[in-house]
Amino acid sequence: MCPHLDVLEKHLEGKRFLIGDTITLADLYRLPYGEFLLTTPEATLFTTRPNITRWFASLQAKPSWKAVQAKPPPAQPPATPSPATHDR
């Protein structure tokens, strides 16, 4: 994995995202994997590479990603009709 991350680190020099200054699916595809990696002891594979760290932090800061990461509201039980309205 390290050689691939070294290539990515070099590729991100001078770029906001993988394909220049516009976020693409190529960037978004890596979000779940990067999030997982950052929860493991191998997180330093990202955090020791400044271009990857900057790029990934910018992805994590996107409101759409924050919404995905947000805890969903608790499920509400379906409303049951009262017996009086059920018989009509």
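Colleague: Are F46 and F56 buried or exposed?
Modeller: F46 is buried, and F56 is buried as well. Buried stands for under 20% relative accessible area, exposed for over 50%, and partly exposed for what lies in between (1.4 Å probe, protein chains only).

Colleague: What sort of model is this?
Modeller: This is a predicted model, in which local features need pLDDT of at least 70 and side-chain atom pairs count only at pLDDT 80 or more, while totals for chains, interfaces and linings use all residues. Residues are numbered from 1 along each chain as its sequence is written, and side-chain values use heavy atoms, with hydrogens and water left out.

Colleague: How many aromatic pairs are there?
Modeller: There are three aromatic pairs, counted where ring centres of Phe, Tyr or Trp (its six-membered ring) lie within 6.5 Å; planes under 30 degrees apart are stacked, over 60 edge-to-face and the rest tilted. One of them is tilted: Y29 with Y33, at 5.5 Å centre to centre and 50° between the planes. Both Y29 and Y33 are exposed.

Colleague: And how do F46 and F56 pair?
Modeller: The rings of F46 and F56 are edge-to-face, with centres 5.2 Å apart and 65° between the planes. This pair links distant parts of the chain, since F46 belongs to helix α4 (residues 44-47) and F56 to helix α5 (residues 50-60), 10 residues apart. Helices here are DSSP runs (H or I, at least four residues), numbered from the N terminus.

Colleague: Which residues of α5 are buried?
Modeller: In α5, the buried residues are N51, I52, W55, F56 and L59. Their directions from the helix axis to the C-beta atoms fall within an arc of 120°, so these residues line one face of α5.

Colleague: What covers them?
Modeller: The cover over the buried residues of α5 includes α1 (2-11), α2 (25-28), α3 (31-37), α4 and α6 (63-69). As for I52, its contacts (heavy atoms within 4.5 Å) beyond neighbours within four places in sequence are L5, L8, E9, L12 and F46.

Colleague: Which residues touch the most other members of the largest nonpolar core?
Modeller: L8, I52 and W55 do, in a core of 14 residues. A nonpolar core is a set of buried Ala, Val, Leu, Ile, Met, Phe, Trp, Tyr and Cys residues joined through side-chain atoms within 4.5 Å. Two or more residues of this core come from each of α1, α3, α4 and α5, and α5 gives the largest share, four residues.

Colleague: Turning to α1, which residues are buried there?
Modeller: L5, L8 and E9 are the buried residues of α1. They fall within an arc of 100° seen down the axis, so they line one face of α1. P3, H4, V7 and K10 are exposed on the other side of α1. The cover over the buried residues of α1 includes α4 and α5.

Colleague: How many salt bridges does the structure hold?
Modeller: It holds two salt bridges, each a side-chain nitrogen of Lys or Arg within 4 Å of a carboxyl oxygen of Asp or Glu. One joins R49 and D6 at 2.8 Å, N to O. R49 lies in the loop between α4 and α5 and D6 in helix α1, so this pair ties together parts that are 43 residues apart in sequence. R49 is buried, at 10% relative accessible area, whereas D6 is partly exposed at 44%.

Colleague: Which side chains meet at 3.6 Å, N to O?
Modeller: Those of K10 and E13 meet in a salt bridge at 3.6 Å. K10 is exposed, with 55% relative accessibility, and E13 is partly exposed, with 44%.
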